Amino acid sequence: REDLRSAQTRRVTPAVADPGALRSEWTMPLAFGLDHALYASYQQVFRTRDGGAHWDAISPDLTRLPPPGEKRRGVVYALAPSPRAANVVWAGTDDGLVHVTRDGGKRWANVTPPGVSAWAHVAGIEASHFDARGAYVAVDRHRLDDDRPYLYVTHDGGRSWRAATSGIPDGSFLNAVREDPVRPGLLYAATESGVFVSFDDGGSWRSLRLNMPVVSVRDLAVRDGDLAIATHGRAFWILDDVEPLRQLAADPAGGARLFAPRAAVRVRAGHDEAEASPPETPLGENPPSGAYLDYVVPPGAHGPLALTVADAHGGTLRRWSSDDRVPAPDASKLAFPAYWLVRAQPPSAAPGMHRFVWDFATRAGEDAPLAPPGRYAVRLTLDGRTYTQPLAVRRDPRVRASDADLAAQYALARGVDVLRARLGTAIAAAAAARAKPGADVARIDAIAGPPAGADSGAPPSAAARTTTLRAYAEALAELEATLESADTAPTKDERATWSRLRAGADAALRAWSALRG
């Protein structure tokens with residue numbers, strides 16, 4: 001037990017009283033029960049209710065009796081307190097036995113599945129999140145030259161068991177199995193060749209390896225809707241957001257499908273102010289910041305495919321199409337390595353299951369206003385049909401701004417953004433008019449401002465330099481960058497600056513319209 005404030009660590013092992021009497025392996029289980037009791041095991045199961053100051057042995061030696069003349073060697077290698085009943089604890093040994101207590105350790109019953117032989121290794125037990133009499137037992141026999149997977153399921157407290165490994169290939173022996181804590185019947189298996197998933201309580205399995213290498217997976221955990229994966233190579237992988245798997249378990253119907261996205265937290269993407277690491281540098285990967293939009297394209301579908309995010313009033317905030325073209329950056333024009341750039345990709349229309357991430361921006365571009373917290377609608381359009389799901393966007397719980405503050409921030413930033421777009425259209429039109437033969441360059445530049453590096457004759461006055469279309473566009477870009485720099489309500493100065501720039505920009509736009517006739 002460690003006190004992080006003082007950096008002191010205290011040993012609280014049950015073996016301190018008689019260290020020679022207790023047997024152990026390299027890794028031994030620790031598990032918290034429903035009532036916050038902590039369980040540990042050697043050849044017996046121990047329990048503490050005071051943080052390890054005192055331990056009670058709540059079981060006899062649960063391991064297999066040896067042949068006459070041999071020493072007893074096994075240990076309790078798997079522990080699983082029930083999430084449904086505080087007095088129910090399952091225990092499995094590394095010599096092929098499974099026991100359960102239903103009264104907090106007063107009595108233990110040997111409920112070993114009939115197919116588990118002597119010295120089979122009970123690698124893990126998962127007590128059901130929904131059924132106090134349910135459990136999943138993963139058995140590893142590879143030390144007995146048997147690499148086949150073995151999983152046993154009970155829902156009657158161990159009175160009967162069924163084998164449940166159909167779909168997991170030979171050679172993929174099991175290290176652990178975990179039940180989804182939200183969706184009954186949804187299971188995840190950690191095997192010697194990767195992760196597998198079952199949507200029918202172990203009746204059938206399919207690979208969930210995705211982009212993972214073929215690697216020994218030793219354990220799994222579902223936390224806050226994500227699947228955490230631990231490998232024998234001391235690596236951790238995360239499958240972000242298992243909500244689509246939960247929905248498939250509830251409704252496995254085929255065809256095109258837009259999954260209901262889980263609530264998204266409006267977190268601003270992190271920025272590395274230092275130089276980015278070269279691509280060959282081994283680094284961990286952070287999850288993308290945004291709302292996960294998961295969908296299925298069935299075989300034989302004909303594109304294009306479109307994704308749309310609409311606000312509470314039905315207005316379109318963003319739209320993407322599988323036909324969108326994302327130009328490759330011109331490396332010759334970059335002042336930094338091209339791998340620093342993260343290119344946005346259009347949604348895929350290829351058959352299969354896909355994930356698209358909306359980064360909360362209301363248009364393309366780094367300085368786009370972020371959508372405020374609220375309720376939105378996501379639409380998938382494919383082959384003339386539209387599928388719609390609600391999406392909730394919540395504010396970052398770490399910031400002090402309220403939802404109303406962020407709504408006010410968005411309203412002001414959106415107004416700035418719209419005016420900047422109008423100015424950009426006018427500036428482009430002015431540049432085109434300026435390039436025509438016989439153009440009155442001086443009058444055009446007096447309103448629009450000369451392009452960078454251009455010569456329009458006599459230099460404009462200081463007042464003219466700050467009242468052109470280009471000057472207002474630059475000032476509004478600076479204001480928008482300030483508004484969007486953090487999650488906070490607009491300040492009094494920002495609102496005053498907006499009022500002044502809006503009036504001036506509108507006057508410059510009217511002057512440009514008058515010049516064009």
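**Entry 1: aromatic pairs**

I took rings of Phe, Tyr and Trp (its six-membered ring) as paired if their centres lie within 6.5 Å, with planes under 30 degrees apart counted as stacked, over 60 as edge-to-face and the rest as tilted. The model I examined is predicted, so I noted that local features need pLDDT of at least 70 and side-chain atom pairs pLDDT 80 or more, while totals for chains, interfaces and linings use all residues. Residues are numbered from 1 along each chain as its sequence is written, and side-chain values use heavy atoms, with hydrogens and water left out.

How many aromatic pairs does the whole structure hold? My search returned five. For W90 and W161, I found ring centres 6.2 Å apart and planes at 80 degrees, so this pair is edge-to-face. W90 lies in strand β8 (residues 89-93) and W161 in the loop between β13 (150-154) and β14 (162-163), so that the pair links parts of the chain 71 residues apart. I use DSSP runs for helices (H or I, at least four residues) and strands (E, at least two), numbered from the N terminus. Both W90 and W161 are buried; I call a residue buried under 20% relative accessible area, exposed over 50% and partly exposed in between (1.4 Å probe, protein chains only).

I next looked up W358 and F360, an edge-to-face pair with 5.6 Å from centre to centre and 65 degrees between the planes. W358 is buried at 0% relative accessibility, and F360 is buried at 1%. Ring pairs join W358, F360 and Y376 into a cluster.

I found five of the five residues of strand β25 (residues 306-310) buried. A306, T308 and A310 point one way from β25, and L307 and V309 point the other way.

I count two strands as paired if DSSP finds at least two bridges between them. β25 runs antiparallel to strand β26 (residues 316-321), to which five bridges join it. β25 also pairs with strand β28 (residues 374-382), again in the antiparallel sense and over five bridges. Which residues stand opposite V309 in these two strands? They are R318 in β26 and V378 in β28. The hairpin of β25 and β26 has five residues between the strands, and G314 there takes a positive phi near 90 degrees.

**Entry 2: a four-stranded sheet**

I traced an open, antiparallel sheet in the order β15-β16-β17-β18. Its edge strands, β15 (174-179) and β18 (206-207), each pair on one side only. Strand β16 (residues 187-191) and strand β17 (residues 194-198) are joined antiparallel by five bridges, with A189 opposite F196 in β17.

**Entry 3: salt bridges**

I defined a salt bridge as a side-chain nitrogen of Lys or Arg within 4 Å of a carboxyl oxygen of Asp or Glu. The structure holds 28 of them.

R178 bridges E126, with the closest N and O atoms 2.8 Å apart. R178 lies in strand β15 and E126 in strand β11 (residues 121-127), so this bridge ties together parts that are 52 residues apart in sequence. R178 is partly exposed at 22% relative accessibility, whereas E126 is buried at 9%.

I also recorded R420 and E480, whose side chains meet at 2.7 Å, N to O. The bridge ties together parts 60 residues apart in sequence, because R420 lies in helix α2 and E480 in helix α5. R420 is partly exposed at 22%, and E480 is buried at 0%. Salt bridges with shared partners join R363, D367, R414, D417, R420 and E480 into one network.

Is Q409 buried or exposed? I found Q409 buried, with a relative accessible area of 1%. Q409 lies in helix α2 (residues 403-434). Taking contact as heavy atoms within 4.5 Å, and not counting residues up to four places away in sequence, I list its contacts as R266, R268, L483, E484, A486, D487, T488 and P490. Q409 and T488 are 79 residues apart in sequence but 6.9 Å apart in space, C-alpha to C-alpha.

Two of these contacts, R268 and E484, form a salt bridge in which the closest N and O atoms are 3.6 Å apart. R268 lies in the loop between β23 (264-266) and β24 (291-297) and E484 in the loop between α5 (469-483) and α6 (492-516), so the pair ties together parts 216 residues apart in sequence. I noted R268 as partly exposed at 26% relative accessibility and E484 as buried at 10%.
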